[in-house]
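Me: I have a model open and want to learn to read it. Can we go feature by feature?

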Amino acid sequence: MRKNRSLNILFVGAGQGGSRQAAEFGNLYDYVSLSMNTAEVDELHSQIGLRRRLHLDTGIDGAGKNLQLGESAVKKNRKKIIDFLKLYVTPEIDYIIVCVGGGGGTGSGGLIPLIEILKDFGKPIGVIYTLPLKSEDTITHRNCLFILKKVFEDNEVSPLVIVDNAKIALKYPNLSAMDRWSHVNQYIARGFHIFNMLTSYASEIHSLDMADYEMILRAGGCMALGEAVVPRITEPEILAEKMRDSISSGLLADGFDLATTKRAGIILRGSTKALRSIKAADMDYALDHIREIVRGGTVYRGIYPTDSRDDELFIYSMFGGLDLPMKRIQTMMESTKEGLESLQKKKSRDVVFDLETNLDSSIADEGIDPLLKFIRDKISGEEDEF
Ligand SMILES: Nc1nc2c(ncn2[C@@H]2O[C@H](COP(=O)(O)OP(=O)(O)OP(=O)(O)O)[C@@H](O)[C@H]2O)c(=O)[nH]1
Ligand SMILES: [Mg+2]
């Protein structure tokens with residue numbers, strides 16, 4: 001018997017950030033979460049129990065933002081990883097979601113070979129991948145972009161949920177350094193879990209059911225997730241506009257063209273009182289507006305009343321089958337290119353060594369310019385943005 005959820009999801013964290021994200025799904029919502037890391041030092045603070053953690057030996061403690069080290073850590077430990085996963089990828093598991101902090105050596109470098117290993121277990125695979133803070137260094141940004149493109153190109157990965165740490169940091173500027181990651185990780189876990197939970201309930205108004213939910217997860221491409229409070233407004237145009245604004249500001253990443261959405265889920269949740277205050281026709285008008293935004297994409301909707309006494313109305317959204325968030329990626333590319341040029345100008349032996357060894361062979365073949373071209377081509381073919 002499932003407990004308040006549509007799908008039994010196994011969360012696999014790779015690297016430190018990825019493991020912390022996976023841990024939060026276990027802490028808050030009792031999912032089974034696993035951790036794989038190259039750094040024993042990170043494990044001292046792990047919130048995942050010893051039996052659910054796997055140490056990947058690199059010969060040094062960690063992968064030092066080196067993609068190659070992360071990649072070889074997974075490849076060298078392949079058998080150990082398979083034996084470990086066999087303990088948890090049981091027949092009851094419906095879905096596997098890999099969590100990774102984009103830009104590090106272990107999580108990002110190990111992600112592609114880890115996905116290959118997971119494919120043999122025959123379960124659908126999704127990824128939650130974060131984009132770095134603006135303040136983070138060039139190598140982190142560069143690593144993040146290279147691996148993002150590779151995961152996006154793997155058609156068997158769905159959804160590829162993109163979470164922008166930079167956007168969340170801007171939204172909560174007063175968080176202490178101590179609390180930031182746990183706050184961000186809780187935000188991600190909540191945004192993702194709420195759909196899995198609500199779709200297991202029947203709503204007396206309108207249910208977004210388990211089959212709808214799975215269709216959204218399996219839409220391919222990227223996924224944007226969001227949650228927001230909708231201000232209480234009674235005029236239909238303003239309600240529609242506010243709902244649209246809330247969705248946009250509540251997304252965990254920006255820069256998507258929502259017109260590329262293949263399947264979206266929109267859930268409204270609020271007290272009976274709050275829901276009663278909105279006329280059905282106004283709600284239809286607002287939801288119709290969302291249908292226009294996704295330009296022909298399917299919109300699954302759910303309306304769930306709660307017993308709460310307050311007046312707040314929450315809107316949760318999931319846009320699946322999206323193209324990469326090109327506007328955001330372009331900004332990242334430009335600053336990364338600038339940073340790499342400065343690094344190269346320094347011509348210090350250390351830096352040259354770092355740049356060379358930090359690229360895996362296929363990445364080195366591609367170089368930075370083809371990636372820029374890929375992004376430009378994508379952007380030039382883009383339509384209006386949401
Ligand atoms: N959302 C979120 N992002 C994180 C967290 N920790 C780190 N990050 C992001 O993830 C990126 C990669 O960092 P890590 O996860 O520490 O890297 P790693 O995979 O362990 O790789 P190495 O340390 O290089 O071996 C960072 O640059 C941050 O942007 C976290 O707890 N939550
Ligand atoms: Mg690390």
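Reply: Below we take backbone geometry, then a helix pair, then the ligand site. Keep in mind that this is a predicted model.

Me: Which peptide bond is cis, and what is omega there?

Reply: Start from the general rule. Most residues other than glycine have a negative phi, and most peptide bonds are trans. Here, S158 and P159 are joined by a cis peptide bond, with omega at about 5 degrees. P159 sits in strand β6, which covers residues 157–164.

Me: And phi? Which residue has a positive value although it is not a glycine?

Reply: That is K65, with phi at about 60 degrees. K65 belongs to the loop between β3 (53–55) and α3 (67–76). Remember K65; the ligand site brings it back.

Me: Now helix packing. At what angle do α1 and α8 pack?

Reply: Read the angle with the axis distance. Helix α1 (residues 15–29) and helix α8 (residues 177–198) pack at about 65 degrees, and their axes are 9 Å apart. Their crossing is right-handed.

Me: Which residues of α1 and α8 meet?

Reply: From α1, the list includes R20, F25 and Y29. From α8, it includes W181, N185 and F192. Sorted by class, this contact has 7 nonpolar, 5 polar and 3 charged residues.

Me: Next, ligand 1. Which residues come nearest?

Reply: There are 21 residues around ligand 1, and G17, K65, T106, E136 and N185 come nearest. Then look at the atom pairs. A backbone N or O atom of G17 is 2.7 Å from an oxygen atom of ligand 1. A polar backbone atom of G107 also lies 2.7 Å from a ligand oxygen atom. For N185, a side-chain N or O atom is 2.7 Å from a nitrogen atom of ligand 1.

Me: How much of ligand 1 does the protein bury?

Reply: Taken alone, ligand 1 exposes 640 Å², and the protein buries 90% of that.

Definitions and conventions
Residues numbered from 1 in each chain as written. Chains lettered and ligands numbered in written order. Predicted model: local features only at pLDDT ≥ 70, side-chain atom pairs only at ≥ 80, totals over all residues. Heavy atoms only, no water. Axes fitted to C-alpha atoms, helices over the stretch in contact; angles between N-to-C directions. Helix = DSSP H or I, 4+ residues; strand = E, 2+ residues; numbered from the N terminus. Left-handed = near helix turned anticlockwise from the far one by under 90°. Contact = heavy atoms within 4.5 Å. Nonpolar A, V, L, I, M, F, W, Y, C, P; charged D, E, K, R; others polar. Near = heavy atom within 4 Å. Polar contact = N/O pair within 3.5 Å; in protein donor to acceptor, adjacent residues only side chain to side chain. Areas by Shrake-Rupley, 256 points an atom, 1.4 Å probe, with all protein chains shown as cover.
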